[in-house]
Amino acid sequence: MLDEQQYLMLPGPTPVPDNVLRSMAKPMINHRGPEFKQLIEEVTEGVKMVYKTRNDVVILPAAGTGAMEAAVVNFISPGDKVLAISIGVFGDRFAKVAEEFGAVVEKIDFPWGEAADPEVIRERIAADRNREIKVVLVTHNETSTGVVNDIKAIREAVGNHPALFMVDAVSGLGAMNLETDNWGLDVVVSGSQKAFMIPPGLSFVAVSPRALRVADTCNNCRYYWDIKAALKYLEKGQTPYTPAISLYYGLREALRLMEKEGIDNIIARHAVYRDMVRAGVRAMGLRLLADDKVASSSLTAVLAPEGIGANRIRKHILERFNVVMAGGQQKLDNVIFRIGHLGHVRHLDLLAVLAALEIVLVELGMDIELGQGVKKAQEILLNKGVQ
Ligand SMILES: Cc1ncc(COP(=O)(O)O)c(C=O)c1O
């Protein structure tokens, strides 16, 4: 094949822009010197811009799950009652991490493919008259199902109950709107390999002053993930332990791109991706797991047609066109395939991938007319414009 370019249509890791890749090839510097100080100060401000916050933000050398663990060990003590809201694999994970570190977790599960109902949470919170719940855990974008929770409404449902409100925004931040300060979110975690367009390896935690006060008395075990230590070092423009310097260079470059485009324009662009993919896939006669009202802009979960498993489609599109799509997780394995469309993706990439998918579906025996999906996606693009 002449063109070896891979279409990495995963909900993370996502494609990394060329200038970001090149920026990470710089020589090492002293992580306790003036250059690094400037670097960490610049990227911390940039990450705050994406988070829409003036709260403190720490950058951790970790996958997203590391940041989830940091959120737990800094703000939840063993024996604390935690209300975990789960709509899929990653909601379950947040609950599990809290449980592993000694929290008494009460989980509210919603069916996979649906969003959390704020009214159910409002009722549960109202019933907690003795204020026993210390923390509420919730996922912004549930990557296993392609559903986005209405974080603003859920936060409002918790109201003035004193529980800390902690959000896993690993795959949603930077692709969909999330207003850390305006919505009163106490702890928000995210990761580098999604909308931030850099390789895996860094994660972020935004922390409200209220959460920092809780950290003062939190007696869970922590050393590497000590957020107070990270903030103390940040005052000097350093990290407690040797940072992943190359990834910081990549992050600086990626944030410059994001700043240039503007966070709200980025969010609007991702909404167009969502609409293009959903319209395109539907026009091929396929069904989507999530309803339009709760559909993610980061990824789309597609139900595989009867008789053709999702994994056959993924294998075929990889071998035939070098397009990488994600599979379903756990009980959704072979039931859905997931098309990631966040970060450094272009509208034309999506048209190409939809065209490839149509050919693959025909080759696998589906009776569809070529071009219908691409046409619908083109129409969306024509009507909404290239953002
Ligand atoms: C919503 C969500 N939370 C947490 C994670 C965990 O991130 P990581 O795989 O970097 O540990 C992911 C990864 O896909 C995610 O999508």
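Start by selecting helix 10, residues 263-283. Helices here are DSSP runs of H or I with at least four residues, strands are runs of E with at least two, and both are numbered from the N terminus. Now colour helix 10 by burial: 15 of its 21 residues are buried, so the helix is largely enclosed by the rest of the structure. Buried means under 20% relative accessible area, exposed means over 50%, and partly exposed lies in between, with a 1.4 Å probe and protein chains only. Following helix 10 you will meet Gly285, whose phi is positive, near 85°.

A word on what is on your screen. This is a predicted model, in which local features need pLDDT of at least 70 and side-chain atom pairs count only at pLDDT 80 or more, while totals for chains, interfaces and linings use all residues. Residues are numbered from 1 along each chain as its sequence is written, and side-chain values use heavy atoms, with hydrogens and water left out.

**Helix 3**

Next, select residues 64-75, which form helix 3. Its 12 residues should span 16 Å, and the end C-alpha atoms are 17 Å apart, which agrees. Of these 12 residues, 10 are buried, so helix 3 is largely enclosed by the rest of the structure. Among the buried ones are Gly64, Gly66, Met68, Asn74 and Phe75.

**The ligand**

Keep helix 3 displayed and bring up the ligand. Which helix gives the most to the shell around the ligand? Helix 3 does, with 3 residues. Helix 4 (89-100) also supplies at least two residues of the shell.

There are 13 residues around the ligand, and Thr65, Thr143, Asp168, Gln193 and Lys194 come nearest. A residue is near a molecule or strand if one of its heavy atoms lies within 4 Å of it. By type, the shell divides into 4 nonpolar, 6 polar and 3 charged residues. In this grouping Ala, Val, Leu, Ile, Met, Phe, Trp, Tyr, Cys and Pro count as nonpolar, Asp, Glu, Lys and Arg as charged, and the others, Gly among them, as polar.

- Thr65 has a polar side-chain atom 2.5 Å from an oxygen atom of the ligand.
- Lys194 has a side-chain N or O atom 2.6 Å from an oxygen atom of the ligand.
- Gln193 has a side-chain N or O atom 2.7 Å from an oxygen atom of the ligand.

The protein covers 87% of the 390 Å² of accessible area that the ligand has on its own. Accessible areas come from the Shrake-Rupley method with a 1.4 Å probe, and for residues only the protein chains shown count as cover.

Select Ser203, in strand 10 (residues 203-207). Ser203 is buried, with a relative accessible area of 0%, and its side chain reaches the backbone oxygen of Ala63 at 3.5 Å.

Then go to Asn182, in the loop between strand 8 (164-168) and strand 9. Asn182 is exposed, at 65% relative accessibility. Its side chain makes a polar contact with the side chain of Glu179 at 2.8 Å. A polar contact is a pair of N or O atoms within 3.5 Å; within protein, one must be able to donate a hydrogen and the other to accept it, and residues adjacent in sequence count only if both atoms are side-chain atoms. Also select Thr53: Asn182 and Thr53 are 129 residues apart in sequence and 8.3 Å apart in space, C-alpha to C-alpha.

**Backbone stops**

Look at the peptide bond from Gly12 to Pro13, which is cis, with omega near -5°. Pro13 sits in the loop between strand 1 (7-9) and helix 1 (18-23).

Arg131 has a positive phi, near 55°, though it is not glycine. You will find Arg131 in the loop between helix 5 (118-126) and strand 5 (133-139), and it is partly exposed at 40% relative accessibility.

Met197 has a positive phi too, near 65°. Its place is the loop between strand 9 (187-191) and strand 10, and Met197 is buried at 8% relative accessible area.

Finish with Cys218 and Cys221. The structure holds 0 disulfides. Cys218 is buried at 9% relative accessible area, whereas Cys221 is exposed at 61%.

Key
A disulfide is a pair of cysteine sulfur atoms within 2.5 Å. The expected span of a helix is 1.5 Å times one less than its number of residues.
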